[in-house]
Amino acid sequence: KCPMCRTQTSAYLDAERSELLQIKHPKTYSERQAEETEDEASRESIQPITLNIGNRHALVTPTDGSANMHDWTFFVKPSRTDIIEEVQILLHPTFRPSHIIRSRPPYEIRRLGRGYFTITAAVILRAGYSWVSSDAEPSPDGVEDGMLRLESTMDKSASLRTFRRLLALPQPLRQRTFSILNRPPPNYPGHVPLTLAERGALAVGSAFGSLRNPHRHDLIAALGEATAKPYFISRLRTAMLANPTGRRILRDRPRITSQTMSLEKLRQLPEDTVGRAYAAWLDREGVTPDTRDQVRYIDDPEEAYVMQRYRETHDFTHAITGLPVIIEGELAVKAFEFANTLLPMTALSLVAVVRLKAAERKRFFETYLPWAVSNGLKAEEVINVYWEEELETDVEALRSRLGIEIPPDLREIRKTLRDRNKAEKAARDAKERLGAATGV
């Protein structure tokens, strides 16, 4: 484009003349340059999307005496599904229910009917995206231009309509040069965008640091975030979207802190409830809900929340299994979580098994690792437990519902071994004193 009038031209840029113009008209030149940069950024923030909407149809013979002879399937097929929050399908009022929500592909519905009618599909985008269309409406969550309504008439010919629309991308997804000296703005409070090289260095450094000192929770947290992409935290988010309770958690985004959860009230709950077990475990281990680090290194805000949720519910896993925060108990929980969530950090943490004593290592491999793998694989994904709603649930009933067997009491095993060792040592000392007194 011409640097002054900005019209498209096939002419090449005369660098010498451009420099002269910049010298002669510095203010106008800089204004035009700024406008060109803004226009380019605007173009980079818009992307096209194709939406195919239609139906498949077959005539059937009713077997129930009704007039429902049309077997049809209505569908919406977007060219991108990763940015779709949900598709709301509005049927004719005679259908029950007439309002159907599809939160993951395929976005379709099959029904029997007796006539032809018009179906409306509302395509709702994930947070941060918006439709560039005069037909766009606010989404149910109040996001401006987050919803687009499309219509299709059901008929006996397999119909298909194609809509091409434009999307406005969230700021972090717009093209830009990303380097240490040109870092994009944070996507949420506390966020630190990292280059690929920085992420790799963070993973290696935090891995070695946490191995040397397993009590450095900040390094363990950094390792978890650095290794969660590009697949694992996205898989966990997808698992939540596929689960009704998981979707509610993502919508509500509850936090577990001492401000949102009264430990004093939990201590007053009946003995066998989840809330009482959680409070008792926190008291016994000397920890609080506020000891979890904030997520900083995951770019997508919703995926960052999924990681935060995993961290803040980690102690509930301890509580319902009874495993303590000592290294042996923490390793058992991490092995369970790896089998259940596939987060790499939980597997990498198992390297700390080298810090166990020989007897502890033998007990871990023979008892707690088999328990963790077996229960982690067969149990429901614990990320989908809405713990705030389960506080008054019987803990044994919840374990049964999730498919988790309680492991052997590690603290009791260690206490029994300590008592036995003390008794054996006392017996040896008594024998030595007796021998010294008798000369035998």
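The points below begin with the basis of the model and then turn to rings and to an arginine.

This is a predicted model, in which local features need pLDDT of at least 70 and side-chain atom pairs count only at pLDDT 80 or more, while totals for chains, interfaces and linings use all residues. Residues are numbered from 1 along each chain as its sequence is written, and side-chain values use heavy atoms, with hydrogens and water left out.

**Confidence**

- The mean pLDDT (the predictor's confidence in each residue, from 0 to 100) of the protein is 84, and 89% of its residues reach 70 or more.
- Among the helices and strands (DSSP runs numbered from the N terminus, with H or I over at least four residues for helices and E over at least two for strands), helix α2 (residues 26-44) has a mean of 65, where confidence is lowest, and helix α13 (residues 395-402) has 94, where confidence is highest.
- Over residues 172-177 pLDDT stays under 50, and the model has 8 contacts (heavy atoms within 4.5 Å) for this stretch beyond four places in sequence.

**Aromatic rings**

- The structure holds 8 aromatic pairs, where rings of Phe, Tyr and Trp (its six-membered ring) pair if their centres lie within 6.5 Å, and planes under 30 degrees apart count as stacked, over 60 as edge-to-face and the rest as tilted.
- One of these pairs, Phe-95 with Phe-117, is tilted, at 5.4 Å centre to centre and 50 degrees between the planes.
- Because Phe-95 lies in the loop between β3 (84-90) and β4 (99-102) and Phe-117 in the loop between β5 (107-113) and β6 (118-125), the pair ties together parts that are 22 residues apart in sequence.
- Phe-95 and Phe-117 are both buried (under 20% relative accessible area, with exposed over 50% and partly exposed in between, for a 1.4 Å probe and protein chains only).
- The rings of Tyr-231 and Phe-232 have centres 5.2 Å apart and planes at 75 degrees, so this pair is edge-to-face; Tyr-231 is partly exposed at 45% relative accessibility, and Phe-232 is partly exposed at 27%.
- Trp-72, Phe-95 and Phe-117 are linked into a cluster by ring pairs.

**Arg-309**

- Arg-309 is found in helix α9 (residues 301-321) and counts as buried, at 1% relative accessibility.
- The side chain of Arg-309 makes a polar contact with the side chain of Glu-388 at 2.9 Å (a pair of N or O atoms within 3.5 Å, of which, within protein, one must be able to donate a hydrogen and the other to accept it, and residues adjacent in sequence count only if both atoms are side-chain atoms).
- Leaving aside residues up to four places away in sequence, Arg-309 touches residues including Ile-249, Pro-254, Tyr-386 and Trp-387.
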